[in-house]
Amino acid sequence: MNAVDDAILDPTVGWLVLAAFSVIWIFLGWFWGRGSDQLDDYVLAGRRVGLALGTATAMATWVTSNTTMAAPQLALQMGVWGMFGYSLGAVGLIMFAPLAGRIRRLMPTGYTSGDFVRLRYGKTAWRIFLVISLCYSLGWLVSMGMAGGVLINALTGIPYHYGMSVILTICVGYTLLGGFRAVIGTDFIQALLILVGLVIIAVLAITTVGIDTIHSAVLEERPELLNLLMPAGIMFLFNNLLFGIGEIFHSNVWWSRAFAFRPGVGTKAYTLAGLLWAPIPIVAGFVALAVPALDLNIPAADMVGPMVAATVLGTAGAVLVLIMVFSALSSSLDSLLAATSILVVEDIYRRHIRQDASAAHLRRVTAWVIVGLGVLTWLLCAPRIATLAELLYFTGAFVASTIWPIAAGLFARRAGALGAISGMVFGSAAGIASYFAIGFYVAALVGAAVSMACVLIGMLLGSREFDWGRLHERGLVQAGSPA
Amino acid sequence: MTIPVGLFTAFIIAALAIVVAAPLILLSLWIADFRRGALW
């Protein structure tokens, strides 16, 4: 067995890299956040984001611990179907493209996905949706925070709690200072760092070990990973496809971008982001398949990716991996903090507690909620409870049950509240039951199927036609603008 | 039914080629938006 410890960075080097990038992100957050006093500037970057930054932010946000941790882990569990299945997460981005354009047209003054569900289906469906969406957001935040601690520990030896605390503090810091403009701006740089880092790791894995050697070593030690008829892998493929669509269709992370993009940008940005994102899990998963060829002993499944990278690249390369990982996690954490904070402020605080709140007041509350979310995430990350993939997939049933209520709600006038409510409730229940009865790889599949049946039956039985004009709410009056 | 080495290699190389092209595409889009004053 190879001693992976030799390839792991010295903690001092790790701290220096973290400190350098922390200073850069915080400075950029402050720089881009100057003058973001208006609510729309702070939470939606003024609703004028162009194609380049729009594409990069969609892509970078979707590169999460999925690619850095779970994709390599799943490549070792599900083989080529695991890699290909993960890449189908891109279908969610591509399918959301037409929705993003329609959302921008139908709701030019909207803030959250909750706004849509409230106006489209009424308060009961809205509150159920909020529970699903907030649980998912928190689950994703926690999995990102945990991934940060685990990865930094695996690469640098810095204790889990220190690494997790650093990444959370930095992301809260620059999101707080610069709002959504800081999120979008840093996402562009982080997207470039992730892509360049991944290319270097994959090219070095190919030149060091060789594709032929990796293939033959896997064939000898784990032939099932190269089996094109692996049943669990095929189930995983469809499940991941639906999980990805559910995550994107419902989450305010993606809706807030649809609201923030210039008119006409959303459809192009999401399509291009999906096409560029699709090969990333394949390349990341391929790196993990080098484990048999490298004769590595993997102590924990979720450490496959960083351990292979550290073994292949050595000390200098491990610095690059750390930068890439830090970027991947930051680009998702900042987006989640920004999108979840406005979901809490708009759908809970404004709509339930202070209906007469001014835009300036909501701007201040959003900043406090960003800090609060950071603290809550830290508290939930502190006890490292589940493996990352388990945590990630537990939410699959819930989010997949929102696909049909959202899609039908945006395009079909006949879609009604009863179908949406029953779809989310029964879809989630059936998905969770299958999660425990069969396995994580079918939860989203079952959740989406049951939800689809409920929504379609509701449409067949319903007779009311929705007036799209009801989605166009009067916008909040921003300070300094005419009432 | 095992994936043959040739198909496996083509699959990985094709994915890698897109990952290599992606940063170049993003940078060219950024330059185009910057020139039009349409970054954000």
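The following legends describe several close-up views of a predicted model.

Residues are numbered from 1 along each chain as its sequence is written, and chains are lettered from A, with ligands numbered from 1, in the order of writing. Because the model is predicted, local features need pLDDT of at least 70 and side-chain atom pairs count only at pLDDT 80 or more, whereas totals for chains, interfaces and linings use all residues.

**View 1. The two domains of chain A.** The domain assignment of chain A gives domain 1 (4-386) and domain 2 (395-469); such bounds come from an automatic or database domain assignment. The C-alpha centres of domain 1 and domain 2 of chain A lie 25 Å apart. Across the boundary, 26 residues of domain 1 of chain A are in contact with 24 residues of domain 2 of chain A, where contact means that the C-beta atoms of two residues, placed from the backbone, lie within 7 Å. On the side of domain 1 of chain A that touches domain 2 of chain A, the elements giving two or more residues are α6 (89-106), α7 (113-121), α8 (123-156) and α11 (231-250) of chain A. Helix α11(A) gives the most to this side, with 12 residues. Helices (H or I, at least four residues) and strands (E, at least two) are DSSP runs, numbered from the N terminus.

**View 2. The largest nonpolar core.** This core has 191 residues. A nonpolar core is a set of buried Ala, Val, Leu, Ile, Met, Phe, Trp, Tyr and Cys residues joined through C-beta atoms within 7 Å. The residues with the most contacts inside the core are M59(A), L155(A), L198(A), W277(A), V287(A), A290(A) and V308(A). Helix α9 (residues 160-208) of chain A gives the most to this core, with 24 residues. Domain 1 (4-386) and domain 2 (395-469) of chain A both give residues to the core, so it lies between them. Leaving out residues up to four places away in sequence, A290(A) touches A205(A), V209(A), I214(A), V308(A) and V312(A).

**View 3. The enclosed helix α5 of chain A.** A residue is buried if 20 or more other C-beta atoms lie within 10 Å of its own, exposed if 12 or fewer, and partly exposed in between, with C-beta atoms placed from the backbone. Eight of the eight residues of helix α5 (residues 80-87) of chain A are buried, so this helix is largely enclosed by the rest of the structure. These buried residues are V80(A), W81(A), G82(A), M83(A), F84(A), G85(A), Y86(A) and S87(A).

**View 4. Helix α16 of chain A and two helices that pack against it.** The axes of helix α16 (residues 304-353) and helix α17 (residues 359-381) of chain A come within 9 Å and cross at roughly 120°. That angle makes α16(A) oblique to α17(A). Axes are lines fitted to C-alpha atoms, for helices over the stretch in contact, and angles run from 0 to 180 degrees between N-to-C directions. Angles under 35 degrees count as roughly parallel, over 145 as roughly antiparallel, 65 to 115 as roughly perpendicular and the rest as oblique. The residues that meet include L337(A), T340(A) and S341(A) in α16(A), and L362(A), V365(A) and T366(A) in α17(A). Helices α8(A) and α16(A) pack at an angle of about 155°, with their axes 9 Å apart. They are therefore roughly antiparallel to each other.

View 5. R47(A) lies in the loop between α2 (39-44) and α3 (51-62) of chain A. Phi of R47(A) is near 60°, a positive value in a residue other than glycine. R47(A) is partly exposed, with 18 other C-beta atoms within 10 Å. P263(A) lies in the loop between α12 (252-260) and α13 (266-277) of chain A and is exposed, with 11 other C-beta atoms within 10 Å. Although P263(A) and R47(A) are 216 residues apart along the chain, their C-alpha atoms are separated by 8.7 Å.

**View 6. The loop residue I158 of chain A.** I158(A) is found in the loop between α8 and α9 of chain A. It counts as buried, with 21 C-beta neighbours inside 10 Å. The C-alpha atoms of I158(A) and G14(A), 144 residues apart along the chain, are separated by 7.4 Å. Leaving aside neighbours within four places in sequence, I158(A) is in contact with P11(A), G14(A), W15(A), I152(A), N153(A) and G163(A).
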